[in-house]
Amino acid sequence: MKTAIISGASVGIGRAAAEAFLGEGFGVYNLSRRPCPVPAVNNLSCDLSAPDSIDRACKVLAAALIGCESVALVHNASQMLKDTAGDCDSDSLRHVLETNVVGINSVNQHLLHRLPRSSSILYVGSTLSEKAVPNSFSYVLSKHAQLGMMRSTCQDLMGRGIHTALICPGFTDTEMLRTHLGDDPAVERMIAGMNSFARLIKPGEIAELIRWAHHNPVINGAVLHANLGQKES
């Protein structure tokens with residue numbers, strides 16, 4: 001019995017990852033405030049910024065993991081705000097960190113000791129896990145934190161037979177990206193032109209890398225860049 005637990009599997013990369021694991025015979029659970037429209041996915045309503053909501057979802061997952069031979073725990077859900085170092089009040093920052101960092105830790109605390117050998121803990125980061133751009137202060141901060149979480153998780157699970165990685169997508173054609181950039185075709189062309197193939201990445205491309213990463217523990221502790229060869233300035 002194989003299980004994939006994916007936060008934010010209702011849209012975008014998360015939904016594509018759910019479909020990829022389903023295609024391989026995994027039972028798939030979506031942790032999200034919105035349900036995944038893929039019929040075979042088990043939806044657990046979960047607000048990652050709310051401890052009580054996480055507790056309820058993880059109680060269901062704890063029972064579902066009994067007897068599992070392999071679990072892919074995919075931390076995909078994130079919040080992204082437009083803010084800057086000089087215009088990000090602490091309440092807003094705290095809310096982003098609750099979802100993007102603290103919520104991940106809460107899920108890990110519930111589930112890590114229940115994961116069998118041959119499991120993986122995969123963090124979906126960003127190119128902004130290792131660099132920064134203007135007007136994304138809280139998001140950049142949280143994605144850097146996820147990099148530290150992944151590396152620390154790798155070290156703390158030495159010998160457990162559980163591997164971890166940080167997958168860093170470039171500009172991917174998702175609801176989050178389009179909400180952040182708006183609907184200006186000129187802006188989309190400019191963003192797409194920032195990689196070697198002059199196009200946005202498809203969610204399914206990142207999903208396939210997530211699926212592959214689960215099956216290949218040789219990448220334990222690695223940062224996997226998935227950006228079509230992003231231009232550096």
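In which helix do Arg211 and Glu208 both lie? They lie in helix α7, residues 203-215.

## The model

This is a predicted model, in which local features need pLDDT of at least 70, side-chain atom pairs count only at pLDDT 80 or more, and totals for chains, interfaces and linings use all residues. Residues are numbered from 1 along each chain as its sequence is written, and side-chain values use heavy atoms, with hydrogens and water left out.

The side chains of Arg211 and Glu208 form a salt bridge, at 2.7 Å from N to O. The term salt bridge means a side-chain nitrogen of Lys or Arg within 4 Å of a carboxyl oxygen of Asp or Glu. By this rule the count is five. Helices here are DSSP runs of H or I with at least four residues, numbered from the N terminus.

Arg211 and Glu208 are three residues apart, about one turn of the helix. Glu208 is partly exposed, with a relative accessible area of 39%. (Buried means under 20% relative accessible area, exposed over 50%, and partly exposed in between, with a 1.4 Å probe and protein chains only.) The pair also belongs to a network: salt bridges link Glu24, Glu208 and Arg211.

Asp91 and Arg94 meet through their side chains in a salt bridge, 2.8 Å from N to O. Both sit in helix α3, residues 90-111. They are three residues apart, about one turn of the helix.

Is Asp91 buried or exposed? Asp91 is exposed, at 56% relative accessible area. Arg94 is partly exposed, at 48%.

Glu19 pairs with Arg15 in a salt bridge. Their closest N and O atoms are 3.8 Å apart. Both residues lie in helix α1, residues 12-22. Four residues separate their positions, about one turn of the helix.

Glu19 is partly exposed, with a relative accessible area of 40%. Arg15 is partly exposed too, with 33%.

## The aromatic pair

Now for the rings. Rings of Phe, Tyr and Trp (its six-membered ring) pair if their centres lie within 6.5 Å; planes under 30 degrees apart count as stacked, over 60 as edge-to-face and the rest as tilted. The count by this rule is one aromatic pair.

Why is the pair of Phe21 and Phe26 edge-to-face? The ring planes of Phe21 and Phe26 stand at 65°, so the pair is edge-to-face. Their ring centres are 5.0 Å apart. Phe21 and Phe26 are both buried.

Definitions and conventions
Helices (H or I, at least four residues) and strands (E, at least two) are DSSP runs, numbered from the N terminus.
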